[in-house]
Amino acid sequence: MSVYKKFSKSDISIIPFTAHKQNTLTSSSLSSIGGRYYSSSFPTVAYRDGKTSTFRWAKTGSYNSYESIGLIKMTWNDPNNHKMYSQLDHLFYRNSKIDYVNKFNTIEYFDHYRVLHDKVNILSLPYKTIGYKIHSGSFSLTTGSVSLKDDNKGHIYDAQYNLGDLNFKSEKFRIFYLGPEGGHKAYNLGIKNGFEIINANSTYSSGKKNILDNSFLFNKLHYKNTTFSSKNIDGGDYPVINFDDSFISSPHNSKYNFNSDDDFAISFLVSSSEIPNNNLKKYLISKSTIKKILTSPNITQPTNISGSSQIVDAPAEAQYPFEIYYQSQSIHFDRFDGTTISSVSTIATSSNTSMIHITCQKSSSNLELYVNGHKLATSTDNTTLTQNTADLFIGNKGGGSAANFFTGSMAQIMIFDDALSQTQINNLSQSIDNKPYIGNIFYDNGLITITKPNYQNILNPGVGNQDFTLQYQGTHLIYENEYQCMVEQHEYDYTTNPTVRKTRSIQDEKLADFATGSNFRPYITTIGLYNENEELLAVGKLGQAIRMNDETDMTFVVRFDT
C-alpha cells in the first residue's frame, strides 16, 4: 500500500497570470490605505538652514598622529519638498527626449511627452493596491467639473479634449518648439542650483553652449541678451522669454524653407510692452536677412592661428519663406520669392501683462492669420520659390538694426511643416502647448504627477477644497499551481475508512463482508498535498466520490492559485 507518493518535475507546472483589481477611493479614504498627495517645487534658492561648524582631521607628524580640528553640522529644512522635485526630475523627466530608452523602455518615440515646470503635484498610491503596476488605461480622477484620465501611454489628460491627430496636430509635424521648457531655471540669473552666483549677468546669452529647443528634433539655439520670467497664461504661471534689444537664433535648416507647394503653420504667444506707433517693423519671427558663411582661409596665416578661417554673418538671399512682425498695431505675415511679396495682416494688440495667441499659416494657396483661435484675415499666396539659407531669428530680423528689435515677451513658439485645421488651432490656442496632457502616470511606481501650470489646483493640499474621487485597477501577479496526481492501477486500493470494518472501528482489522469481494474498490473523495516533512499543505475536495479502477491508471489534477 502506498501512503505518500512523490511528484516528478513533469507532474508540476506553475503558470503566472495577472488579475486586475478595481480600487475606488476618495480624498478622505486615500490616507487610510497608505496613499498621499503633495506639492513640490523647483529649488530656486538654497533651502539649507541651521548652524554650521567644521570637523576634519589633519596629519601633524608621525603616521599615527592626528589633530582634531572641529565638527560639521548641517540642518536641512525642506518645506516645499524640493528634494522630491529633484528626485522626480532625475528619475523621470531630465533629458527624457535624449535618454529615451532608460526613461521609457519603448521604441514609440513620438508617443511620450514629459515636461516638468517649476511646480508639480504628486499622487502616490501604495503598492498593496497597485500590485506590481497600475493597469494602463484604468486611471480616472474626478474633482469638481474636471475629469482626468490616462491614455495608456503614460499621460494624464483632461477628458474635455478628444485625443488623436484630428484634434491635436501630431508631434511628428512639429519641427520647432521653444517653450521655453526650462525657463523657470533662469528666472533669477543670479542663482544656480539654489546658490548665489558671484558677478552674475543680468541677461542670458548662450555663447558657444549647445542649447537645444524642446522639440524631438533638437534644433540648436543661440540666445543673445534675453531674460526669463513667469507670466500668467489662462490661469497658470508659464515661463516666457523677454526681449529688449535681444534675440534668439537657430542655424539655417532646409526644413524651414517652405515653397509654394508646401503647407506650414507658425504659432506663438506674444505680449508687447511697446506697440509701434509708426511704420517701424518690430520682428517676431523671420527666416531672412542674415546667413552664416565660412570665410576663405587667410593664406598669410597658418590654419592653427585664430582668425585664419571662421564663420561670419553675411547677407542672405533676397527671398524668404516667412517674416512675422508688428507694424503699428497689426501683426503681419509675409512671404517673398524675390519678385512677388504676399502678405496678410490683422490688428492684434496686447499689453505687457496679457498674452495673445497667434497662428500664421499657409494652407493650400492661402495665407491665414488667427488670433486666439479665430481666423481674422486671409489672402492669396502668389509666391513661388522662397527658400534661402538664412538663419531662423526670433525677436529680430537677422540680428540687425536696433530699430527692428521687438520689445516684449514671447512663449510657446512652434513651427509645423503642415497646415492646421480649425479644430487643431482651437485646441492649440486653449491647451497652450498643443497637448491635452496635464501630467504623467508612472504605472510601475504608482505615481501620478500634475505638471501643467494651469492645473496646479488639483492634488495640491495647500489650495482650496481637494475633494476628489479616484479609480484605478491594480495589476496583481498570480500563479496557477497545477499538480498531476497519477494513481497507477495497483495503488491506493486500500481504505482506512471505519465504515468498511465489521465493528465500524479503525482499530478492528476485520473487514465487513461487502468489502471482501473482488468487486469492491475504494472511492476517492479527498486528495492531500504534503511536504517532505509529511505536513499537509493543501487539500483538494472532489465534487463527487470517484471509484478506483483496478484495470487502468488514473490521473487527478489539482489546481490552486497563489
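In the predicted model, glutamate 368 is buried, with a relative accessibility of 8%, where buried denotes under 20% relative accessible area, exposed over 50%, and partly exposed the range in between (1.4 Å probe, protein chains only). The side chain of glutamate 368 meets that of lysine 375 in a salt bridge, at 3.8 Å from N to O. Lysine 375 is partly exposed, at 44% relative accessibility. A salt bridge is defined here as a side-chain nitrogen of Lys or Arg within 4 Å of a carboxyl oxygen of Asp or Glu. Side chains of opposite charge can pair when their charged atoms come close. The model is a predicted one, in which local features require pLDDT of at least 70 and side-chain atom pairs count only at pLDDT 80 or more, whereas totals for chains, interfaces and linings use all residues. Residues are numbered from 1 along each chain as its sequence is written, and side-chain values use heavy atoms, with hydrogens and water left out.

By this rule, 18 salt bridges were counted. One of them joins lysine 397 to glutamate 323, with the closest N and O atoms 3.6 Å apart. Because lysine 397 lies in the loop between β30 (392-394) and β31 (408-416) while glutamate 323 belongs to strand β24 (residues 320-327), the pair ties together parts that are 74 residues apart in sequence. Helices (H or I, at least four residues) and strands (E, at least two) are DSSP runs, numbered from the N terminus. Glutamate 323 is buried, at a relative accessible area of 2%, and lysine 397 is partly exposed, at 24%. A further salt bridge links the side chains of aspartate 118 and lysine 119, at 3.4 Å from N to O. Aspartate 118 is buried, with a relative accessible area of 15%, whereas lysine 119 is partly exposed, at 40%.

Strand β19 (residues 247-250) is covered on both faces. Phe247 and Ser249 are buried on one side, and Ile248 and Ser250 are buried on the other. In a regular strand the side chains alternate between the two faces of the sheet. Strands are taken to pair if DSSP finds at least two bridges between them. Strand β19 pairs with β16 in the antiparallel sense over 3 bridges, and histidine 222 stands opposite serine 249 of β19. The pairing of β19 with β30 is likewise antiparallel and comprises 3 bridges; here isoleucine 248 stands opposite isoleucine 394 of β30.

Empty space was examined next. Rolling a probe the size of a water molecule over the atoms shows where empty space is left. On a 1 Å grid over the protein atoms alone, a cavity is a set of points where a 1.4 Å probe fits but cannot get out, and a pocket is an open set with protein on both sides within 12 Å along at least five of seven lines; lining residues have an atom within 4 Å of a point. Grid points are joined across faces, edges and corners, and a volume is the space filled by probe spheres set on the points.

The largest pocket holds about 1600 Å³ of space. Its lining comprises 47 residues, of which Gly182, Gly183, Lys185, Ala186 and Tyr204 lie nearest the centre. At least two lining residues come from each of α1 (82-93), β13 (191-192), β15 (211-212) and β16 (220-224), and α1 gives the most, with 4 residues. The lining of this pocket divides into 22 nonpolar, 16 polar and 9 charged residues, where Ala, Val, Leu, Ile, Met, Phe, Trp, Tyr, Cys and Pro count as nonpolar, Asp, Glu, Lys and Arg as charged, and the others, Gly among them, as polar.

The structure also holds 3 cavities of 30 Å³ or more. The largest cavity has a volume of about 80 Å³, and the residues lining it include Arg114, Tyr437, Asn440 and Lys452. This lining has 4 nonpolar, 4 polar and 3 charged residues. The second largest cavity has a volume of about 70 Å³; among its lining residues are Tyr177, Glu181, Asn214 and Gln412. Its lining comprises 6 nonpolar, 4 polar and 2 charged residues.
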